[in-house]
Amino acid sequence: MSLTNPPSSGSLSARTRVSQNLKRSLQATDDAVESRRPGGYTSKVRVRDRYHIVGFISSGTYGRVYKALGKNGKKGEFAIKKFKPDKEGETIQYTGLSQSAIREMSLCTELSHSNVVQLEEIILEDKCIFMVFEYTEHDLLQIIHHHTQPQRHAIPARMVRSILFQLLNGLLYLHTNWVLHRDLKPANILVTSSGAIRIGDLGLARLFYKPLNSLFSGDKVVVTIWYRAPELLLGSRHYTPAVDMWAVGCIFAELLSLRPIFKGEEAKMDSKKTVPFQRNQMMKIVEILGLPRKESWPGLVSMPEYSQLQSLVLHRQPSHFHRGSNLEGWYQSCLKNGGYNSTSSAGTPGSDGFDLLSRMLEYDPAKRITAEEALEHPYFANGGPISGNCFEGIEGKYPHRRVSQDDNDIRTGSLPGTKRSGLPDDSLMRASKRLKE
Ligand SMILES: Nc1ncnc2c1ncn2[C@@H]1O[C@H](COP(=O)(O)OP(=O)(O)O)[C@@H](O)[C@H]1O
Ligand SMILES: [Mg+2]
């Protein structure tokens with residue numbers, strides 16, 4: 001997520017207001033961290049006084065996510081994301097971990113939209129940060145998986161349309177407020193039991209200044225490359241709203257085919273920590289979209305990895321590449337395999353669906369469709385009303401989120417080592433400095 005690169009759309013006054021609020025809030029949290037060092041945070045509320053932990057949901061990049069119930073008059077179900085401080089030996093360090101958490105908090109407290117996950121509150125307790133979110137029963141990864149079991153059965157076309165519409169609405173809101181998500185993928189798109197889509201995991205601010213280096217944590221890859229836009233693969237360091245739109249295109253394709261459309265194998269970073277060209281990922285894209293061409297993407301030749309792209313051509317049969325895009329072929333066979341047609345119960349996303357998909361999976365980021373334009377596309381305009389409940393009219397139930405009872409110890413007393421890679425996270429410092437400028 002980043003604060004720069006404003007999209008072309010959105011009301012200026014609203015944008016200015018939010019960025020001013022953001023600036024204040026970033027400065028405030030920054031100051032708070034400074035003034036409390038080295039003594040640590042003072043706690044006012046304790047998590048376990050307010051919430052009853054039901055179980056463990058997931059272990060993520062930066063911490064763990066638990067399911068909780070409100071206590072002492074507080075009603076409802078919640079997901080609590082626990083961020084731990086970095087621990088180097090016995091010394092607790094406030095480096096990337098807490099800064100990225102603080103940045104995420106600052107942003108999230110400013111954001112309020114029905115298609116963006118709602119942050120309930122933040123609790124600082126014993127050097128840990130707890131972010132309390134509304135609980136969502138599902139996410140797109142889980143829904144897609146459900147449709148592959150026991151055998152593949154297509155997600156109904158009207159459900160795909162509702163999911164995509166809501167996702168784009170949330171994204172338009174983020175982009176209008178100068179927020180880029182940068183890690184859109186099915187696992188980060190949450191779905192409530194009443195079928196509302198909530199964009200989640202706005203936690204990637206830490207990657208903003210060193211986007212490609214920071215995609216790795218030691219040897220472990222922390223961000224999947226399957227949703228990564230071609231301009232990033234070709235070395236662009238500029239995140240733009242178009243990067244998120246590429247990911248939405250990949251998600252749209254995956255909802256229809258139940259498989260990631262560009263499932264590349266990650267090239268690992270070598271011992272010198274040079275960032276590798278993701279050749280295999282680029283190949284997966286080229287196999288379906290054909291080679292990007294400078295005639296239709298003028299910026300292509302000045303991409304840092306342009307020579308890599310050319311070497312990719314040299315090592316392959318030229319005929320393999322020069323046939324142009326086969327996205328339409330991919331789409332038609334996807335509809336056929338999924339049983340999508342106008343007489344089937346699944347319905348069909350039709351030719352409008354293809355047109356929208358092809359505009360999202362446009363090589364040139366400058367030409368790629370924006371969230372605002374996508375919402376106006378005939379795919380949404382034609383074909384009747386769109387439900388704000390993606391499950392409306394859907395038979396059968398989706399399984400509830402798995403909550404494990406094995407680990408519901410959210411206590412802060414023991415802090416298992418959580419040392420990350422050596423990359424310092426200075427995104428907050430630099431961002432707030434930039435905002436002050
Ligand atoms: N509000 C929520 N309600 C229910 N489950 C959630 C919620 N937020 C996150 N999760 C679950 O926890 C996982 C990890 O959370 P996420 O915010 O994506 O953190 P990470 O940075 O670790 O990916 C998600 O993929 C989802 O399965
Ligand atoms: Mg996530």
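Biologist: From which domains does the shell around ligand 1 draw at least three residues each?

Modeller: This is a predicted model, in which local features need pLDDT of at least 70 and side-chain atom pairs pLDDT 80 or more, while totals for chains, interfaces and linings use all residues. Residues are numbered from 1 along each chain as its sequence is written, chains are lettered from A and ligands numbered from 1 in the order in which they are written, and side-chain values use heavy atoms, leaving out hydrogens and water. With bounds from an automatic or database domain assignment, the shell takes at least three residues from each of domain 1 (47-134) and domain 2 (138-381).

Biologist: How much of ligand 1 does the protein bury?

Modeller: Let's start with the polar contacts (N or O pairs within 3.5 Å). A ligand oxygen is 3.0 Å from a side-chain N or O atom of K81, and ligand nitrogens lie 2.8 Å from a polar backbone atom of E134 and 3.0 Å from a backbone N or O atom of T136. Taken alone, ligand 1 exposes 540 Å² (Shrake-Rupley, 1.4 Å probe), and the protein buries 88% of that.

Biologist: Which residues coordinate the magnesium ion?

Modeller: Donors here are N, O and S atoms within 2.8 Å of the metal (3.2 Å for Na, K and Ca). At 2.1 to 2.2 Å, the magnesium ion (ligand 2) is held by N188 (OD1) and D201 (OD).

Biologist: Is N188 buried or exposed?

Modeller: Buried means under 20% relative accessible area, exposed over 50%, and partly exposed in between (1.4 Å probe, protein chains only). D201, at 27%, is partly exposed. N188 has 7% relative accessibility, so N188 counts as buried.

Methods: Polar contact = N/O pair within 3.5 Å; in protein donor to acceptor, adjacent residues only side chain to side chain.
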